[in-house]
Amino acid sequence: MDEPRSPGPREVSPLISALRKILPEGFRSAEPMRLHTSIRIGGPAEVFCQVNSTDEWQRLWEWCQQAGVAWRLLGGGTNLLVCDHGLPGVTVRLAGTLRELRWEGDRVLVGAGAGLARLVKEATGRGMAGMEFAAGIPGSVGGAVVMNAGTNHGAVDGVLEEVTLWSQDEAVRNVPAGELGLGYRSSRLQGGRQVVFAARFRLRPGDPAEIDRRITAQMKERRLRQPLDLPSAGSVFKNPPGDYAGRLIEAVGLKGFRMGDAAFSQKHANFIVNCGRATAANVDALMQLARERVRERFNFELEPEIRIWR
Ligand SMILES: Cc1cc2nc3c(=O)[nH]c(=O)nc-3n(C[C@H](O)[C@H](O)[C@H](O)COP(=O)(O)OP(=O)(O)OC[C@H]3O[C@@H](n4cnc5c(N)ncnc54)[C@H](O)[C@@H]3O)c2cc1C
């Protein structure tokens with residue numbers, strides 16, 4: 001799905017020139033964020049870069065502080081809507097040592113930049129049970145922790161032991177999962193001012209055939225229920241207690257409803273799919289419409305699950 005990048009010289013932003021003195025390589029200016037989001041939407045990030053270690057992050061952050069430059073941390077971009085006019089400052093992704101994975105008996109320490117799918121695959125390969133709920137959830141381990149990603153088969157908070165967390169005031173420290181305020185698709189980490197560098201999960205030995213069977217069944221269920229053939233950011237709204245956001249959206253007549261190239265999926269009304277060249281404005285308008293109609297009809301305020309970067 002990646003669109004080809006335009007050839008020819010890129011304009012080098014003054015930010016990049018300054019940043020090259022801090023970190024040696026890997027910067028891009030005016031990087032289209034649609035290339036880095038699963039819904040394939042998003043204007044240009046002024047500067048896009050990767051950090052390979054906690055030291056690199058610290059240097060980059062100190063530079064941002066001194067220069068008064070905004071920063072944002074991107075995981076896999078699978079739960080994100082980035083606005084059409086793009087992002088000022090530096091958008092950062094974790095790479096290098098921040099994607100490493102190390103097993104210690106029934107525990108695994110995973111860099112937050114690693115893919116969640118890789119963790120599921122490794123756990124399955126080792127016959128370790130507990131991560132099956134995450135089969136088919138795209139994105140990074142860091143994003144999964146921040147979102148407390150999960151399904152009705154379980155969520156991150158069921159297996160997470162602690163995280164290695166960076167914050168401006170306390171530098172890097174290990175924080176037990178119990179202190180992260182993990183709830184239904186929520187955590188205290190969603191303010192965007194902290195960075196998860198790594199997460200430690202505790203799994204349990206299981207029967208490999210049984211783990212495999214559970215994963216296969218869940219993937220089948222996913223393919224049946226979710227519009228995986230079109231770009232999306234997963235569920236747009238959180239489910240109300242005891243109900244489903246998709247049911248409410250369908251009940252107010254919006255299943256399949258389209259604005260521009262964005263539409264509430266015919267297969268799963270709580271997914272907004274990009275049918276071609278959808279914009280963030282299209283998605284925003286659909287979300288607003290759903291919220292209004294559901295508020296009017298059910299006196300209920302739908303809460304976005306996706307993160308919106310304006
Ligand atoms: C087809 C599809 C199916 C999906 N199914 C599910 C599902 O079943 N269950 C579910 O829960 N979700 C699902 N999602 C949503 C999404 O995959 C999850 O929320 C995922 O955990 C987000 O991870 P990410 O790395 O892509 O985060 P991103 O979208 O990149 O970021 C999400 C938020 O986390 C922050 N963040 C990311 N990494 C870090 C870090 N290391 N430190 C600090 N902050 C960070 C970002 O700043 C942002 O605020 C689905 C999405 C798609 C496209």
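Tutor: Two strands pair if DSSP finds at least two bridges between them, and strands (E, at least two residues) and helices (H or I, at least four) are DSSP runs numbered from the N terminus. This is a predicted model, where local features need pLDDT of at least 70 and side-chain atom pairs pLDDT 80 or more, while totals for chains, interfaces and linings use all residues. Residues are numbered from 1 along each chain as its sequence is written, and side-chain values use heavy atoms, without hydrogens or water.

Student: How many bridges join strand E7 to E13, and in which sense do they run?

Tutor: Strands of a sheet pair through backbone hydrogen bonds, either parallel or antiparallel. Here E7 (residues 107-111) and E13 run antiparallel, joined by five bridges; Gly 111 has Ala 198 of E13 as its bridge partner.

Student: Is E13 mostly covered or uncovered?

Tutor: Buried means under 20% relative accessible area, exposed over 50%, and partly exposed in between (1.4 Å probe, protein chains only). Seven of the nine residues of E13 (194-202) are buried.

Student: What is the order of strands in the open sheet of four?

Tutor: The order is E15-E18-E17-E16, with antiparallel pairing. Strands E15 (232-235) and E16 (258-259) are at the edges with a single partner strand each, so one side of each has no neighbour in the sheet. E15 is joined to E18 (residues 271-274) by two bridges, and Ser 232 has Val 273 as its bridge partner in E18.

Student: Where does Pro 241 lie?

Tutor: Pro 241 is in the loop between E15 and helix H6 (245-251). Its relative accessible area is 79%, so Pro 241 is exposed.

Student: Which residues come nearest to the ligand?

Tutor: A residue is near a molecule if one of its heavy atoms lies within 4 Å of it. Of the 35 residues around the ligand, the nearest are Leu 73, Gly 76, Thr 78, Ser 140 and Gly 150. Helix H4 (141-147) is among the elements giving two or more residues to the shell, and H4 gives the most, with five.

Student: What lies 2.6 Å from an oxygen atom of the ligand?

Tutor: The 2.6 Å pair involves a side-chain N or O atom of Ser 140. A backbone N or O atom of Val 196 is 2.9 Å from a ligand nitrogen, and one of Gly 143 is 3.4 Å from a ligand nitrogen. The ligand alone exposes 970 Å², of which the protein buries 93%, by the Shrake-Rupley method with a 1.4 Å probe.

Conventions
A polar contact is a pair of N or O atoms within 3.5 Å; within protein, one must be able to donate a hydrogen and the other to accept it, and residues adjacent in sequence count only if both atoms are side-chain atoms.
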